[in-house]
Amino acid sequence: MKQTQIGRRAILQGSVLLLSSGLAASREVRGSAEQTPSLRLGLVTDIHHADKPTAGTRFYRDSLGKLEEARDFFVREKLPCVIELGDTIDSANTLAAEQDYLRQFWKTFAASGIDRRCVLGNHCVSALTKAEFLEITQQAKTFDSFDLGGFHFVLLDACYRKDGADYGRNNFEWTDANIPPHELDWLRSDLDRTMNKTIVLVHQRLDVPPPYGIQNAAEVRKILQDSGKVLAVLQGHYHPGDYREQNGIPYFTLSAMIEGSGPDNSAYAVLEVFPDDSIRLLGFRKQKGFEHRRA
Ligand SMILES: [Zn+2]
């Protein structure tokens, strides 16, 4: 088993060609693969949309434009599903303003018409409660699973304090992220039930310790490993992005869309799963490409 970072030339090739024709760009990159992917889907994370002035490297008012570009690319690629890995919005002075930010995000995201899911991030439930977040994003649960193209997808919710309380109404520290016992029980039985190879989606990290990692990450990793079904874990939260492998499972941390001004500083990705269980992340704009090969 080996993992390689896709060469910078290939990433730039994708990004540069994207400017003229997104579809051609993807075909160009895809042409270098030895196999045809069994599944492709779109990924974005850490959009932090908010109507407020730039703070450091966070250009809040540029985020919806960056999201529109990614969305339109995913539509041209005819992807069956797009997943947002958390922190859709940033904080405001009032609950009503945060609800407005979330509605604006959702309107932009949903305009693709593509099947879409949102993983819960800490910023999604600063002032909002989980119920309010779910209502606007038209989702039933904060941790859930679904099947697509012969694969199983698990969405986890690590927005719980150590005492088990849900995040919401500004009642938490962002470093205190936990997956509580009742969710672990659900995860064990969900993985037990599925016959499909599985991809896990979570906002905070499972491959590093706090502050960016989930407090009980080791316990969660053991459940994923013991199932023998998990092909990859996709995460957000750590804005620079990262890639690590733990006991044979690749953990991809995607780069944040919010960091930097204008379209050149956006980041989004297409995930490709191959028949031999290899996983490839095609990176666009500032997102790096990564590959985890099974051989
Ligand atoms: Zn974030």
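What percentage of the 295 residues of the chain count as buried? The share is 59%, where buried means under 20% relative accessible area, exposed over 50% and partly exposed in between (1.4 Å probe, protein chains only). This is a predicted model, in which local features need pLDDT of at least 70 and side-chain atom pairs count only at pLDDT 80 or more, while totals for chains, interfaces and linings use all residues. Residues are numbered from 1 along each chain as its sequence is written, and side-chain values use heavy atoms, with hydrogens and water left out.

**Figure 1. Overview of the chain.** The secondary structure comes to seven helices and 13 strands; helices (H or I, at least four residues) and strands (E, at least two) are DSSP runs, numbered from the N terminus. Among contacts (heavy atoms within 4.5 Å) with a separation of 6 or more, 68% join residues 24 or more positions apart.

Figure 2. Asp-46 (OD), His-48 (NE2), Asp-87 (OD) and His-239 (NE2) lie 1.9 to 2.4 Å from the zinc ion. Donors are N, O and S atoms within 2.8 Å of the metal (3.2 Å for Na, K and Ca); water is not among the atoms, so sites may look incomplete. The spacing of the donor residues in sequence is D-x1-H-x38-D-x151-H. Asp-46, in the loop between β2 (39–44) and α3 (63–76), and His-239, in the loop between β8 (230–235) and β9 (242–246), are 193 residues apart, and this pair links distant parts of the chain. Both Asp-46 and His-239 are buried. The arrangement is irregular because the four donor atoms subtend angles of 90 to 169° around the zinc ion. Four donors count as tetrahedral if all angles lie between 85 and 135 degrees; four count as square planar and six as octahedral if opposite donors are over 155 degrees apart and all others between 65 and 115; anything else is irregular.

Figure 3. Helix α6 (residues 181–193) has 13 residues and reaches 18 Å from its first C-alpha to its last, close to the expected 18 Å, which is 1.5 Å times one less than the number of residues. Glu-183, Leu-184, Trp-186, Leu-187, Asp-190 and Leu-191 are buried in α6. These residues are on the same side of α6 because they cover an arc of only 160° around the axis, the arc being that of the directions from the helix axis to the C-beta atoms. The buried residues pack against β5 (144–148), β6 (151–155), β7 (198–201), α7 (217–227) and β8. One of them, Asp-190, has a relative accessible area of 5%. Leaving aside neighbours within four places in sequence, Asp-190 is in contact with Ser-145, His-152 and Val-154. The face turned away from the buried side carries the exposed residues Pro-181, Asp-192 and Arg-193.

**Figure 4. Arg-71 and Asp-72 in helix α3.** Asp-72 lies in helix α3, and Arg-71 also has its place in helix α3. Arg-71 counts as buried at 15% relative accessibility, whereas Asp-72 is partly exposed at 33%. Their side chains make a polar contact (3.0 Å); such a contact is a pair of N or O atoms within 3.5 Å, and within protein one must be able to donate a hydrogen and the other to accept it, with residues adjacent in sequence counting only if both atoms are side-chain atoms.

Figure 5. A cis peptide bond, with omega about 15°, joins Pro-210 and Pro-211. His-237 is not a glycine, although its phi is positive at about 80°.
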